[in-house]
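I opened the notebook to record what I looked up in this structure. The entries follow the order in which I checked things.

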Amino acid sequence: MNNGTSAGRCGQRPWWLCAGLAVAAIAGSLAARPASAYEVISVTNGGTIEGVVTLSGPRPAAAVITTTKNRDYCGDTIPDPTYSVNAAGDLANVLVYLKGITKGKAGPSEPLSLVNEHCMFSPRVQGAMVGGQIKISSDDPILHNTHPQNAETNATIYNIALPFKGFSVTKPLPANPELIKVKCDAHEWMHAWIMELDHPYYATTDAAGHFTIKDVPPGSYTLAVWHEAAGEKSEPVVVTAAKTTTTKITLAAK
Ligand SMILES: [Cu+2]
């Protein structure tokens, strides 16, 4: 039967052409293989990682962005959200994620949301999982141009004009995990970041520096925190079945 099958594929072609076709078929199937080795399993006794990220050292002075365009709508200045710190020094907009987790819960089914909102992007920082989609929209009556790029290479992912309030576009995320920086070509002060991972175990700290990552299969992991200006650090974390592991992480301002 096998002979019959290969004769059927190669027919009367010379052997070298037949071998070439076989190599091409193997290369094609490798290329089509998903980039991620992450395996979705049913997590029934998962643990929770909960914590607070705090800025150590002196607090950066509150900064403002001076706008340069559409000032009648955007205003002359906008508070700079780079270091969003509360009275206790807890830091918002930190992406917290597990490194090297190979199996666990499924990713979100809804697209990510990135809104052009009063001349800024909202949210500033968010996680994403490969295979997902992003809905880019505008709440502003002015022209924005949302331009996500690979943060390392500056390669353009897409470049989307949002001409009026209520306009939206939904696009697939890049096929491989990458850190994405988003800018607006119309307003150079607008920035957002998307940390695209091959798994769904990520969270962004809220205004109180707090984050929660749920349904983690019990085990030992590396917990990483990333901030657009303070950079990245990681530490080990142990997750126990159906329990909450609490952690406090400090990042130094740069
Ligand atoms: Cu804009």
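I started with terms. Two strands pair if DSSP finds at least two bridges between them. Helices (H or I, at least four residues) and strands (E, at least two) are DSSP runs, numbered from the N terminus.

**Entry: the model**

I noted that this is a predicted model, in which local features need pLDDT of at least 70, side-chain atom pairs count only at pLDDT 80 or more, and totals for chains, interfaces and linings use all residues. Residues are numbered from 1 along each chain as its sequence is written. The pLDDT is the predictor's confidence in each residue, from 0 to 100. I read an average pLDDT of 89 for the protein, with 86% of the residues scoring at least 70. Over residues 1–34 the pLDDT is below 50, and this stretch has two contacts in the model beyond near neighbours in sequence. A contact here means that the C-beta atoms of two residues, placed from the backbone, lie within 7 Å.

**Entry: the four-stranded sheet**

I looked up the order of the strands in this open sheet and found E16-E5-E18-E19, with antiparallel pairing. Strand E16 (202–204) and strand E19 (231–239) are the edges, since each pairs on one side only. I read an average twist of 25° from one strand to the next. For such angles, axes are lines fitted to C-alpha atoms (for helices over the stretch in contact), and angles run from 0 to 180 degrees between N-to-C directions.

How many bridges join strand E18 (residues 219–227) and E19? I found nine, in the antiparallel sense. Ser220 has Val238 in E19 as its bridge partner.

**Entry: the five-stranded sheet**

I then turned to an open sheet of five strands in the order E9-E15-E14-E11-E12, and its pairing is mixed. The edge strands are E9 (125–129) and E12 (160–162), each pairing on one side only. I again read an average twist of 25° from one strand to the next.

I went through the pairs. E9 and E15 run parallel and are joined by five bridges; Ala128 stands opposite Glu196 in E15. E14 and E15 are antiparallel, also with five bridges, and they form a hairpin with six residues between them. Lys181 has Trp193 in E15 as its bridge partner. Strand E11 (residues 144–150) runs antiparallel to strand E14 (residues 179–184), with five bridges joining them. The partner of Pro148 in E14 is Val182.

**Entry: Lys183**

I picked Lys183, which is found in strand E14. Lys183 has 18 C-beta neighbours inside 10 Å, so it counts as partly exposed. Not counting residues up to four places away in sequence, Lys183 touches His147, Met190 and His191. The C-alpha atoms of Lys183 and Asn145 are separated by 8.0 Å, and these residues are 38 apart along the chain.

**Entry: the core**

A nonpolar core is a set of buried Ala, Val, Leu, Ile, Met, Phe, Trp, Tyr and Cys residues joined through C-beta atoms within 7 Å. In soluble globular proteins, nonpolar side chains tend to be buried together. I found 48 residues in the largest core here, and Val53, Leu95, Val96, Tyr97 and Met195 touch the most other members. Strand E15 (residues 191–197) gives the largest share, five residues. Six of the seven residues of E15 are buried, so this strand is largely enclosed by the rest of the structure.

I listed contacts of Met195 outside four places in sequence; among them are Leu95, Tyr97, Gly127 and Trp226.

**Entry: Gly57**

Where does Gly57 lie? I found Gly57 in the loop between strand E2 (47–56) and strand E3 (64–66). Gly57 is exposed because 11 other C-beta atoms lie within 10 Å. Beyond residues up to four places away in sequence, Gly57 touches Ala252 and Ala253.

Strand E7 (residues 112–117) pairs in the parallel sense with strand E10 (residues 133–138) over five bridges, and Leu114 stands opposite Ile136 in E10.

Methods: A residue is buried if 20 or more other C-beta atoms lie within 10 Å of its own, exposed if 12 or fewer, and partly exposed in between; C-beta atoms are placed from the backbone.
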